[in-house]
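Below are some notes for a colleague who has not seen this structure before. Please read them with the model open.

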Amino acid sequence: MVKETDMNVCEPHRRRGRPVQMDSAAREEEIVRATKALLMSSSLDEVTMAAIARETGMSKRTIYAHFDSLEALLRRSMAEIGKVIFLPLNEVEKTKPLKERLSLLLTLNKPPVSEDRKREFLRTLIAKAHVYPNLAREMCQNGRGILRGYICAELEEAVREDVLEIAPDRVALAAEILMDMAFWNPVPSLLDPDYTCPVEGDMALRREAAIEIFLDGCLRHAP
């Protein structure tokens with residue numbers, strides 16, 4: 001899996017002036033790159049068409065020629081960020097024991113931004129869900145939804161191999177329960193200004209404990 005140090009979703013790359021000799025695809029790629037950079041470095045309220053235009057050196061009219069709304073551009077950019085956070089297993093990782101495979105999937109490749117910034121972004125997105133309903137919906141689908149799919153695939157394979165005992169119609173529910181067990185609930189950190197967020201070591205301990213408890217409850221026992 002790609003490590004956090006390998007990520008470049010927000011690598012500074014400000015261009016000055018109008019881009020020269022850029023075809024339509026390259027222009028669109030530059031617009032999305034600039035939007036991702038702003039999402040990683042600014043609050044959601046600050047990611048405006050004007051800010052994106054300044055970052056790219058393009059006019060707002062040019063940006064609107066590629067994306068008919070700010071929400072559409074934000075959706076595309078957040079989907080691309082999600083692709084480097086929620087990663088499938090590679091061919092080598094697929095050969096590892098189930099416990100290790102689940103641990104790898106549940107170890108998210110987090111964007112290199114502070115916890116405070118991530119909380120503020122989530123708080124703003126929740127507050128603006130009525131303004132950006134499709135963005136809020138796709139944030140769930142491109143984040144938790146993607147990860148649930150990866151975990152479901154591993155659980156289904158383990159059921160087929162008689163390693164786990166889970167009813168076929170409950171695999172998706174089991175994946176949801178495992179994710180709830182493995183991840184901290186972000187709501188307290190959004191409500192309590194004095195809340196102490198878990199550090200990486202705490203998150204790793206919770207993740208491994210969650211996997212052990214889950215597997216102990218689902219492992220198929222010999223008759």
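1. The structure holds zero aromatic pairs, a pair being rings of Phe, Tyr and Trp (its six-membered ring) with centres within 6.5 Å. Arg206, however, lies over the face of Trp184, 4.9 Å from the ring centre; a charge counts as over a ring if NZ of Lys or CZ of Arg is within 6 Å of the ring centre and within 35 degrees of the ring normal.

2. This is a predicted model, in which local features need pLDDT of at least 70, side-chain atom pairs count only at pLDDT 80 or more, and totals for chains, interfaces and linings use all residues. Residues are numbered from 1 along each chain as its sequence is written, and side-chain values use heavy atoms, with hydrogens and water left out.

3. The protein has ten helices and zero strands, taken as DSSP runs (helices H or I, at least four residues; strands E, at least two). Of its 223 residues, 37% count as buried, meaning under 20% relative accessible area (1.4 Å probe, protein chains only).

4. Helix 1 covers residues 24–41. Its buried residues are Glu30, Ile31, Val32, Arg33, Ala34, Thr35, Lys36, Ala37, Leu38, Leu39 and Met40.

5. Which residues touch the most other members of the largest nonpolar core? They are Leu39, Ile151 and Leu155, in a core of 49 residues. Such a core is a set of buried Ala, Val, Leu, Ile, Met, Phe, Trp, Tyr and Cys residues joined through side-chain atoms within 4.5 Å. Helices that each supply at least two residues of this core include helix 1 and helix 7 (133–160).

Technical notes:
Phe/Tyr/Trp six-rings, centres within 6.5 Å; stacked < 30°, edge-to-face > 60°. Expected span 1.5 Å × (residues − 1). Buried < 20%, exposed > 50% of the residue type's maximum accessible area, 1.4 Å probe, protein only.
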